[in-house]
Amino acid sequence: MSSINYSDKIPNNVNLSDDRRLQRALEQWQPHFLDWWKAMGPDGSHNFDVYLRTAIDVSPKGWAHFDTVKMPDYRWGIFLADKEEDRRIGFGMHKGQPAWQDVPGEYRSELRRLIVTQGDTEPASVEQQRRLGLTAPSLYDLRNLFQINVEEGRHLWAMVYLLHAYFGRDGREEADALLTRHSGDADKPRILSAFNVPTDDWLCFYFFCYFQDRDGKFQLHALSESGFDPLSRTCKFMLTEEAHHMFVGETGVGRVIQRSAELSRQHDTLDIRTFGGVDLPTLQKYLNFYYSICLDLFGQEKSTNAANFYSMGIKGRYEEGSIDDDHILEGLTYKVPEISGDRIVLADMPALTAVNERLRDDYRVDSQKGVDRWNKTIADLGVDFKFTLPHQAFHRNIGSFAGLPITPDGKVIAKDEWARRRDDWLPSESDKAFVATLMQRVVEPGKIAGWVAPPARGIHGKPFEYEYVKFS
Ligand SMILES: [Fe+2]
Ligand SMILES: [Fe+2]
């Protein structure tokens with residue numbers, strides 16, 4: 001096995017070269033990662049030169065270094081945000097104590113579980129997206145797909161670093177298992193169900209980046225509050241990259257909407273499929289699907305696990321520091337939706353067991369912002385259509401509303417009626433078959449598929465026409 005010059009091949013700010021034990025562990029894992037990338041990463045991309053951002057340090061200006069890179073040679077680095085002097089635990093029963101620089105023995109298995117669950121989503125998304133390059137609508141989009149893929153690969157490295165550095169032998173075993181579970185695999189699927197759903201087409205991809213990477217944002221925020229300082233610092237740095245993924249999602253959906261609204265105005269109808277566009281009502285169905293499966297990612301409304309993680313000080317709330325309460329939550333309540341007869345009502349629940357629901361609420365508020373901007377695009381074009389986030393009880397598979405026949409506007413209806421109307425609310429087989437006909441690969445510089453508008457600007461000051469990916 002060839003040895004690696006880590007400071008060169010794997011940029012890092014964790015002094016890898018000073019830690020022989022850790023270096024050896026990562027040296028053994030690295031070829032498995034590359035095998036996984038070649039087998040499960042972007043399909044047929046191995047000789048492409050791609051204009052990519054690589055993190056080479058964490059300073060505000062220096063962390064995004066742009067260059068043309070052959071994809072398997074991407075330098076997956078390990079970075080922690082700068083250490084905060086005298087950082088204290090901000091919540092739970094250890095509130096006010098110094099943050100832990102090592103894993104507290106009594107929380108070892110809970111911390112490992114949180115890190116493994118987060119780590120599992122990173123390679124899962126790469127697997128879900130692996131065939132999209134074959135139908136990219138433009139070189140600009142192809143580059144963004146690859147950028148996200150390599151950064152999710154780096155997020156996997158970030159979690160594997162924690163497992164190797166802090167969890168000994170069981171950490172190394174978990175790191176290996178992260179490469180043996182696969183998205184959608186019948187025997188060894190990924191841990192969370194939304195990460196086993198195929199990302200079939202570019203509408204799926206844009207909505208995935210908007211909604212599912214946004215779940216990532218909220219999970220990373222909650223973990224960045226952790227009393228386990230290396231986890232906190234790792235997640236803080238990951239959030240800088242996550243912002244770009246959500247940008248690709250919001251602008252991607254926005255560009256499809258813009259094109260659809262333009263076609264609707266031009267032909268004075270929402271029914272634009274014959275003109276090569278995706279009609280706005282179909283986009284609403286994709287939105288309904290991704291939003292609802294992502295709400296599931298936040299877990300049960302009432303969760304003792306979440307309460308325990310909170311009290312232990314290992315997973316906090318979104319922007320914990322700016323919440324005005326005691327950060328211990330004993331005796332406090334939080335409003336949680338539940339079903340009462342055929343109505344959905346809000347009931348007071350102990351705030352501690354409602355920590356998941358609170359994070360989901362924060363996510364809902366954040367998700368609405370992009371929807372408002374999309375609606376403005378449509379209104380500005382003078383088209384009469386408005387996107388809405390479906391009710392949180394619609395199409396759920398986890399928690400109080402799992403499997404219940406509830407409409408997008410939150411009405412409980414009969415099961416057979418729901419089944420009859422399902423295709424009005426969620427992409428049907430024929431919707432997907434239609435969208436598939438639009439998914440033709442366009443990779444000439446400056447060209448773009450007809451169903452999506454070009455971006456307002458290119459990457460890092462380059463024009464849209466720039467050759468972001470060179471095939472060789
Ligand atoms: Fe990620
Ligand atoms: Fe992401």
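Guide: Two strands count as paired if DSSP finds at least two bridges between them. Keep in mind that this is a predicted model.

Start with one bridge. Leu-52 has Asp-67 in β2 as its bridge partner. The pairing here is between β1, residues 49–54, and β2. These two strands run in the antiparallel sense, over 6 bridges. They belong to an open sheet of 3 strands. Its order is β2-β1-β5, with antiparallel pairing. β2 (65–70) and β5 (469–470) are the edge strands, each pairing on one side only. In a regular strand, side chains alternate between the two faces of the sheet.

What lies across this sheet? Helix α4 lies across β1 and β5, and runs at about 50° to β1.

Helix α5 takes in residues 168–177. Its buried residues are Gly-171, Glu-174 and Ala-175. They sit on the same side of α5 because they cover an arc of only 105° around its axis. The face turned away from that buried side carries Arg-169, Asp-170 and Glu-173, which are exposed.

Now the loop between β2 and α3. Asp-86 is placed there. Its phi is positive, about 55°, although Asp-86 is not a glycine. Most residues other than glycine have a negative phi. Is Asp-86 buried or exposed? Asp-86 has 7 C-beta neighbours inside 10 Å, so it counts as exposed. The cut-off for exposed is 12 or fewer.

β3 (residues 333–340) and β4 (residues 343–350) pair in the antiparallel sense over 8 bridges. Lys-335 has Asp-348 in β4 as its bridge partner. The hairpin of these two strands has 2 residues between them. In this hairpin, Gly-341 takes a positive phi near 65°.

Next, a helix pair. Two packed helices are described by the angle between their axes and the distance between the axes. For α6 (residues 202–224) and α10 (residues 355–380), the angle is about 135° and the axes are 10 Å apart. The two helices are therefore oblique to each other. Their crossing is right-handed. On the α6 side, the residues that meet α10 are Tyr-210, Phe-211, Arg-214, Asp-215, Phe-218 and Ala-222. On the α10 side stand Leu-359, Asp-362, Tyr-363, Asp-366, Ser-367 and Gly-370.

Phi of His-395 is near 50°, a positive value in a residue other than glycine. His-395 has 24 C-beta neighbours inside 10 Å, so it counts as buried. The cut-off for buried is 20 or more.

Pro-408 is found in the loop between α10 and α11 too. It counts as buried because it has 22 C-beta neighbours inside 10 Å. What does Pro-408 touch, leaving out residues up to four places away in sequence? Its contacts are Asn-288, Pro-390, His-391, Phe-394 and Trp-425. Phe-387 is 21 residues from Pro-408 in sequence, and 12 Å from it in space, C-alpha to C-alpha.

Technical notes:
Residues numbered from 1 in each chain as written. Chains lettered and ligands numbered in written order. Predicted model: local features only at pLDDT ≥ 70, side-chain atom pairs only at ≥ 80, totals over all residues. Helix = DSSP H or I, 4+ residues; strand = E, 2+ residues; numbered from the N terminus. Arc of directions from axis to C-beta. Contact = placed C-beta atoms within 7 Å. Axes fitted to C-alpha atoms, helices over the stretch in contact; angles between N-to-C directions. Parallel < 35°, antiparallel > 145°, perpendicular 65-115°, else oblique. Left-handed = near helix turned anticlockwise from the far one by under 90°.
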